[in-house]
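Biologist: I am new to this protein and would like to go through it with you step by step. Could we begin with its pockets and then turn to the rings and the backbone?

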Amino acid sequence: MRHTVRLSRINSWQTLAVGFVVLAIAACGTGTGSASPGTSSPANAPGPDALKVVTTTTVFADIVQNVGGSRVAASSIVPPGVGPEDYEPKPDDARKLADAKLIVSNGVGLDDFLAKLLASGTGGQTPHLVLGDDIPVMTVDGEENPHFWLDPTLVKRYYLPAIAGKLTELDPGGKATFDSNVASYGAQLEALDTELKAQIDTIPAANRKLVTFHDAFPYFARHFGFELVGVILENVGQDPSAADLAALVEKVKAAHVKAVFSEAQFSPKLTETLAQEAGITTVVTTLYNDALGPAPADTYLGLMRWDVDHVVAALK
């Protein structure tokens, strides 16, 4: 799977994505060096001397802000509602990195656009945390999959201690705060996991089959007990051939799939075409995974609840 090919989006989604950015700025007071959407609670609001952290995506900005609390101001290069796979860096992105004290990315091919910025010298000497470096990687059809965070137990086990450790290196006086926040947020993740598993348990076992637009859900499926029947796009930005789509239609029919799923950041056209050809009437095109969206999916916890709510409603 390649994550650097450009994908054309429908104009209406581009407009909506810009709207998400405007709403997020208005709601959270975000600007250069400000907190990501959904992280502006009093405990997490950046203090006057907060450490500026720039992440590649809004998902990571939210998680970093929850670990850093008031000692950190986390912002994202990629705006809300926009995925990183085909993101093209903007001039403002270079300015963000130039002021950052820490850069946080996922790695494993998700946010390769960052290499263009770092190669230009912008932020090249800034400490850089790659969250996926120590996580066992799933390989799907010969490609390593980077979407670790859709399994909340991986966030708790790997992301949180890695973030806290790096923040402590840069701000030793904040160690107690970071450790406390890791414990608190980790408890929230455990509660979230229990909650989501209880919801998924209401889906009949025969219905726990996923067909998705791109391959974001292997860790989600493994953790929550779904069968991944297929994906529409093997490579983001490269439409399937007529033969590939026909083969997927037959595979979906044979598996008696009840619904097909896509993400809000992509055009729903191919997903709707697949569903129509396969005789499936339930189509969900509003999931989030690579990026936060509008409330209530404007935090990592909210994103996970949003996705599971919609998956459960479609497959019960």
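**Pocket, rings and backbone**

Modeller: In this predicted model, the second largest pocket holds about 460 Å³ of space.

Biologist: Which element supplies the largest share of the lining of the second largest pocket?

Modeller: Three elements, β7, β8 (227–233) and α8 (242–255), each supply at least two residues of the lining. Among these, the largest share amounts to 6 residues, and the element that gives it is β8.

Biologist: What is the phi of D141?

Modeller: Most residues other than glycine have a negative phi. D141 is not a glycine, yet its phi is positive, with a value near 55°.

Biologist: Where does V108 lie, and what is its relative accessible area?

Modeller: V108 also has a positive phi, about 55°, although it is not a glycine. The loop between β3 (102–105) and α4 (113–119) is the place of V108. V108 is classed as partly exposed, and its relative accessible area is 24%.

Biologist: Which two residues does a cis peptide bond join?

Modeller: Most peptide bonds are trans. Here, however, there is a cis peptide bond with an omega of about 10°, and its proline lies in the loop between β10 (282–287) and α10 (300–315). The two residues that this bond joins are A295 and P296.

Biologist: How many aromatic pairs does the structure hold, and how is the pair of F148 and Y219 arranged?

Modeller: A pair of aromatic rings is described by the distance of the centres and the angle of the planes. The structure holds 9 aromatic pairs, and in the one formed by F148 and Y219 the distance is 5.0 Å centre to centre and the angle between the planes is 50°, an arrangement that is called tilted.

Biologist: How many residues apart in sequence are the parts that the pair of F148 and Y219 ties together?

Modeller: Both F148 and Y219 are buried, each with a relative accessible area of 0%. F148 lies in the loop between β6 (143–144) and α5 (152–170), while Y219 belongs to helix α7 (residues 218–224), so the parts that are tied together are apart in sequence by 71 residues.

Biologist: Why is the pair of F213 and F266 called tilted?

Modeller: F213 is in strand β7 (residues 209–214) and F266 in the loop between β9 (259–263) and α9 (269–278), so their pair ties together parts that are 53 residues apart in sequence. F213 is buried at 3% relative accessible area, and F266 is buried at 3% as well. Their ring centres are 4.9 Å apart and the angle of their planes is 35°, so the pair is tilted.

Biologist: What average pLDDT does the protein chain have?

Modeller: Over residues 1–40 the pLDDT is below 50, although this stretch has 89 contacts in the model beyond near neighbours in sequence. For the protein chain, 86% of the residues score at least 70, and the average pLDDT is 86.

Notes: Residues are numbered from 1 along each chain as its sequence is written. This is a predicted model: local features need pLDDT of at least 70, side-chain atom pairs count only at pLDDT 80 or more; totals for chains, interfaces and linings use all residues. Side-chain values use heavy atoms; hydrogens and water are left out. Rings of Phe, Tyr and Trp (its six-membered ring) pair if their centres lie within 6.5 Å; planes under 30 degrees apart count as stacked, over 60 as edge-to-face and the rest as tilted. Helices (H or I, at least four residues) and strands (E, at least two) are DSSP runs, numbered from the N terminus. Buried means under 20% relative accessible area, exposed over 50%, partly exposed in between (1.4 Å probe, protein chains only). pLDDT is the predictor's confidence in each residue, from 0 to 100. Contact means heavy atoms within 4.5 Å. On a 1 Å grid over the protein atoms alone, a cavity is a set of points where a 1.4 Å probe fits but cannot get out, and a pocket is an open set with protein on both sides within 12 Å along at least five of seven lines; lining residues have an atom within 4 Å of a point. Grid points are joined across faces, edges and corners, and a volume is the space filled by probe spheres set on the points.
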